[in-house]
Amino acid sequence: MIEGQQASLVGLPPVDPDLYKDSHPVTYKNAALAFKGDNLDRYLMGRQFMVLLVVFVINQCAGPLDPNGDVLGFSKGVKVVFLDIGLAMVIFTCILGQLTTQVNASHMMIDYINNYFALFTLYTAMTVEFSGVMHSSYLIQNILAAVSGKPIISNEEPKTGFTFAFFWGRVLMSLAILGFCLAVVLVSLFNGDTMMAVKYPSVPNGVSVFLFFFFMAIVGMLEGMQIAFFAVAKLPVNERGTSFFGRKTCELLFKGNGQNLPGFMIGRQLTVVFSFFLVASITGLNITPGEGNNIFGISDGAQKFLNYGFHGAVITTILASITWQLAASAFPIAFLNNPVTFILLCVALFLEFTGLCSGAWVLARIQKQACGFQYDEVYVGTPEERLANNHGDKAMTAAQDVGHLTGGGFAGHVCGSHDALDGPIQSKDAIDAAA
């Protein structure tokens, strides 16, 4: 629901909600809350933390306790790949928990969130954001806006008085929490008190620290690339790349009317989830409460809480996800010109080519049939039809992307459109046609 709801809520803002107010009342309630002021940015920030925390908890639940244990009689090499490295969890989470819902929600936005579980998820994400745990991201947002010289366009009045003090108070609290979480991770890594020491005892502690920052950077690049790619898709061809690697990246990405863009999104998802699980393993604590070894001498209750992966989720959300997304929204061309971007694009396209996640299309078809989902144009028509009926979509400019999670890669699919840049919809049409 967290993944599918994002696809729905970021794609519906341009559409007149009166078109689905009567046919989908719960979707209308979701839209009324999410599209008020800057609530969509708040939802996306809270949602990002929820996704990371869920992944870290899944890693705790599904990680093998004994790497040498017998599993269906598999050889040691197979167990290393699927259990120790975690390929089984990665594919399972990526297909069942993410891509299947994204495939349907991207083109059936209105049906997908027409339920109270979606509304509950929306309120939960907003509550997470309101708590202030992620508020240091707003400080980063303002710094990047100042550096880029591009103003942040808000849908709300400037904060004053108590609202201003309460906001910046939560920013300071968030910075303190982030600092504490970083201290927990670094001290635990250097002391060998993380799951890395259990899964890979031969890896030196210093190497574990390097791997932590390395995979955080990989996640950040992939998060930023998503934003940058969709942002430059709005630009003329001659403005999309200003260096050798920038031009090579755009040539590959937009080859064949953008057919490689949805392929990148699938390969990117697999790479990001894989990196998330590795970061979860690196930051996961191997400290048993009650034995006197609690980190910084905290209480047993606090140690149990940290063992769920809260500290890792906070660090990854702020430093490896949101920060890079905001940076890419302010400097999309700089991301394109980076040679690492071209390398990661090739890796993502190769992973999509392998077909590891192709099962998501079959499961998406089953979910669509079971839930009775319909394409959005059934309810609100295509963008051209809405325009002809005096319900044209709201204009969304590139300037609105700067400093917002709702821009760039989160701009969503065009509601009721089957454009190639919207995603691998042609493959889905082929499945529908053959059914």
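1. Phe-296 is partly exposed, because its relative accessibility is 46%. The classes are set by relative accessible area: buried is under 20%, exposed is over 50%, and partly exposed is in between (1.4 Å probe, protein chains only). Phe-296 sits in the loop between helix H14 (260–283) and helix H15 (300–307). Helices (H or I, at least four residues) and strands (E, at least two) are DSSP runs, numbered from the N terminus. Phe-296 is not a glycine, yet its phi is positive, about 55°. Most residues other than glycine have a negative phi.

2. Provenance comes next. This is a predicted model, in which local features need pLDDT of at least 70 and side-chain atom pairs count only at pLDDT 80 or more, while totals for chains, interfaces and linings use all residues. Residues are numbered from 1 along each chain as its sequence is written, and side-chain values use heavy atoms, with hydrogens and water left out.

3. Overall content. The chain has 22 helices and zero strands. Of its 435 residues, 51% are buried. The accessible surface of the chain comes to about 19,000 Å². Carbon and sulfur atoms hold 66% of that surface. Accessible areas come from the Shrake-Rupley method with a 1.4 Å probe; for residues, only the protein chains shown count as cover.

4. Contacts along the chain. Take the contacts with a separation of 6 or more: 85% of them join residues 24 or more positions apart. Contact here means heavy atoms within 4.5 Å.

5. The largest nonpolar core has 108 residues. Such a core is a set of buried Ala, Val, Leu, Ile, Met, Phe, Trp, Tyr and Cys residues joined through side-chain atoms within 4.5 Å. The residues with the most contacts inside this core are Tyr-43, Leu-122, Phe-212, Met-225, Phe-229, Phe-264 and Val-314. Helix H11 (residues 205–232) gives the most to this core, with 14 residues. Setting aside residues up to four places away in sequence, Met-225 touches Phe-264, Phe-335, Thr-341, Leu-344 and Leu-345.

6. Helix H11 itself. Its length checks out, because 28 residues at 1.5 Å a residue should span 40 Å, and the end C-alpha atoms are 40 Å apart. The expected span is 1.5 Å times one less than the number of residues. H11 is mostly covered, with 20 of its 28 residues buried.

7. The side chain of Gln-226 makes a polar contact with the side chain of Arg-268, at 3.2 Å. A polar contact is a pair of N or O atoms within 3.5 Å; within protein, one must be able to donate a hydrogen and the other to accept it, and residues adjacent in sequence count only if both atoms are side-chain atoms.

8. Asn-30 is in helix H2 (residues 25–34). It counts as buried because its relative accessibility is 0%. Beyond residues up to four places away in sequence, Asn-30 touches Gln-5, Leu-9, Ile-113, Asn-115, Ala-118, Leu-119 and Leu-122. Leu-122 is also among the residues with the most contacts inside the largest nonpolar core.

9. Cysteines. The structure holds zero disulfides. A disulfide is a pair of cysteine sulfur atoms within 2.5 Å. Cys-357 is in no disulfide; the nearest cysteine sulfur belongs to Cys-94 and is 4.0 Å away. Cys-357 is buried, because its relative accessible area is 8%. Cys-250 is also buried, with a relative accessible area of 9%.

10. Gly-37 is in the loop between H2 and helix H3 (39–62). At 24% relative accessibility, Gly-37 counts as partly exposed. Gly-37 and Glu-156 are 119 residues apart in sequence but 5.4 Å apart in space, C-alpha to C-alpha. Leaving aside neighbours within four places in sequence, Gly-37 is in contact with Asn-155 and Glu-156.

11. Two further pairs. Phe-117 is in helix H7 (residues 116–130), and it is partly exposed, with a relative accessible area of 49%. The C-alpha atoms of Phe-117 and Val-26 are separated by 9.9 Å, across 91 residues of chain. Ile-366 is in helix H19 (residues 359–371), and it is exposed, with a relative accessible area of 51%. Ile-366 and Thr-100 are 266 residues apart along the chain, with their C-alpha atoms separated by 9.6 Å.
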